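Hi,

Here is the structure I promised to pass on. Have a look at it first, and then read on for what turned up.

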Amino acid sequence: MKDFGMLHVYTGTGKGKTSAALGLALRAIGHGAKVIMICFMKGDATYGEACAFHFLPNFTLKQMGRDSFVNFRNPDPIDVKMAQEAWAEGKHILLAQKADVLILDEINLAMAKKLIDTKEVVTFLHEHRNNTEVVCTGREAPQELIDEADLVTDMQEVKHYFTQRNITIRDGIDH
């Protein structure tokens with residue numbers, strides 16, 4: 001697509017990083033773009049985006065993480081392997097120019113927790129974005145990625161019903 005090739009980073013402690021990426025995807029699809037989203041840590045098939053992507057033309061969702069939480073203090077080797085496989089798939093998509101927009105959901109946290117190598121990711125994205133818009137989501141975006149990015153949004157939690165009112169995850173809103 002014309003004028004594509006920027007690097008977006010959505011990070012911070014607040015809710016809405018993946019939702020912002022999906023909003024960008026919806027806008028891009030509306031203009032005929034092909035979007036691929038790789039989920040590094042959201043393997044649960046009941047996530048709203050996993051249920052909905054079948055209804056969107058030109059949108060592919062690849063869930064490449066387990067459907068359980070990653071122990072970041074002591075990651076299971078399978079979590080490291082799956083994160084590295086997800087990154088390998090992202091590189092393949094960029095090199096083969098298979099998408100106009102590539103969303104790497106939760107890649108920031110995968111780098112921050114050393115599941116994949118930050119320097120390799122940043123260097124590769126610098127050299128191989130070409131005409132693909134790349135969106136990296138997740139908390140704790142590494143500074144090297146922020147420095148490389150064309151757009152950075154830091155979403156900060158101001159108030160959240162999880163902590164304020166002890167409300168649990170709600171399907172269709174939080175999941």
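Which residues in H3 meet which residues in H5? On the H3 side they are Trp87, Lys91, Leu94 and Leu95, and on the H5 side Glu120, Val121, Phe124, Leu125 and His128. Before going further, please keep in mind that this is a predicted model.

Staying with that helix pair: H3 covers residues 77–95 and H5 covers residues 118–128, and they pack at an angle of about 10° with their axes 11 Å apart. Because angles under 35 degrees count as roughly parallel, H3 is roughly parallel to H5. By type, the residues of this contact split into 6 nonpolar, 1 polar and 2 charged.

Now the sheet. It is an open one, made of 6 strands in the order S3-S2-S4-S5-S1-S6, with parallel pairing. S3 (59–63) and S6 (151–154) are the edge strands, each pairing on one side only. From one strand to the next, the twist averages 10°.

A few of the pairings in detail:

- S4 (residues 101–105) runs parallel to S5 (residues 133–137), and 4 bridges join them. Ile103 has Val135 in S5 as its bridge partner.
- S1 is joined to S5 by 4 bridges, again in parallel. Here His8 stands opposite Val135.
- S1 also runs parallel to S6, with 4 bridges between them. His8 stands opposite Leu151 on that side.

Is S1 buried or exposed? Of its 5 residues, 5 are buried, so the strand is largely enclosed by the rest of the structure. Both faces are covered, with Leu7, Val9 and Thr11 on one side and His8 and Tyr10 on the other.

On to the nonpolar packing. The largest nonpolar core has 30 residues, and the members that touch the most others are Phe40, Trp87, Leu104, Ile107, Ile116, Leu125 and Cys136. Two or more residues each come from S1 (7–11), S2 (35–39), H3, S4, H4 (107–112), H5 and S5. H3 gives the most, with 5 residues.

Leaving out residues up to four places away in sequence, Phe40 touches Met64, Gly65, Ala83, Ala86, Trp87, Leu104, Asp105, Glu106, Ile107, Ala110 and Ile116. There is also a second, separate core of 18 residues, which includes Leu24, Tyr47, Phe59 and Val101.

Most residues other than glycine have a negative phi. Glu106 is not a glycine, yet has a positive phi of about 75°. Glu106 sits in the loop between S4 and H4, and with 14% relative accessibility it counts as buried. Gln97 also has a positive phi without being glycine, near 50°, and belongs to the loop between H3 and S4.

Cheers

Terms used:
Residues are numbered from 1 along each chain as its sequence is written. This is a predicted model: local features need pLDDT of at least 70, side-chain atom pairs count only at pLDDT 80 or more; totals for chains, interfaces and linings use all residues. Side-chain values use heavy atoms; hydrogens and water are left out. Axes are lines fitted to C-alpha atoms, for helices over the stretch in contact, and angles run from 0 to 180 degrees between N-to-C directions. Angles under 35 degrees count as roughly parallel, over 145 as roughly antiparallel, 65 to 115 as roughly perpendicular and the rest as oblique. Contact means heavy atoms within 4.5 Å. Ala, Val, Leu, Ile, Met, Phe, Trp, Tyr, Cys and Pro count as nonpolar, Asp, Glu, Lys and Arg as charged, and the others, Gly among them, as polar. Two strands pair if DSSP finds at least two bridges between them. A nonpolar core is a set of buried Ala, Val, Leu, Ile, Met, Phe, Trp, Tyr and Cys residues joined through side-chain atoms within 4.5 Å. Buried means under 20% relative accessible area, exposed over 50%, partly exposed in between (1.4 Å probe, protein chains only).
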